[in-house]
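Dear colleague,

Please find below the structure that I am handing over to you, together with its sequence. My findings follow directly after it.

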Amino acid sequence: MSEIDDLKVRMATIEEQVATLANQVQANRADAAAARVLAGAADRDVSEFRAILRNHTQVLNAMNERVGIVEDKVDGLRGEFTSRMDQLDGRIDRLDGHMGQLDGRIDQLDGHMGQLDGRIDRLEAEHGRKLDDHGQKLDEILNLLRSRG
């Protein structure tokens, strides 16, 4: 083979390789364009997700603030409830003391009633005999008056 033939073969090979490379570059350009489209869509998706995440973060922060407010109110109510329960316990303790005093006074009254019952029984026994005696004498007087009458 001559040098020219050799150059022609080499040139044909190079042209073939250039054509292949041109096809690959064309395909790469198409792939790059598709990748840019996909990247743009992904960028929009990421932006949308960031916006959604930002909104969710704002909502969560607002909810945290409200939960804090509710917790403060619950703590205040718990303190007020505890204070009122302590007051109620004090009142119940005082009532228990008064009830104990009343029980003592009732016991004293029961004792006095027992003493009065005993005195009344003695008075009835003493005066009952005297009344019976007077009743008999009055019956005798009435009988005398009827018999004269």
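The side chains of Asp 75 and Arg 78 form a salt bridge, with 3.0 Å from N to O; the term denotes a side-chain nitrogen of Lys or Arg within 4 Å of a carboxyl oxygen of Asp or Glu. Both residues belong to helix H1 and are three residues apart, about one turn of the helix. Asp 75 is partly exposed, at a relative accessible area of 44% (buried means under 20%, exposed over 50%, partly exposed in between; 1.4 Å probe, protein chains only).

This is a predicted model: local features need pLDDT of at least 70, side-chain atom pairs count only at pLDDT 80 or more, and totals for chains, interfaces and linings use all residues. Residues are numbered from 1 along each chain as its sequence is written, and side-chain values use heavy atoms, with hydrogens and water left out.

The structure holds two salt bridges. In the other, the side chains of Glu 80 and Arg 84 meet at 3.3 Å, N to O; these two also lie in helix H1, four residues apart. Glu 80 is partly exposed, with a relative accessible area of 39%, whereas Arg 84 is exposed, at 54%.

As to the overall fold, the protein has one helix and zero strands (DSSP runs, H or I of at least four residues for helices and E of at least two for strands, numbered from the N terminus). The C-alpha trace spans about 200 × 35 × 25 Å along its principal axes. Buried residues account for 0% of the 149 residues.

With kind regards
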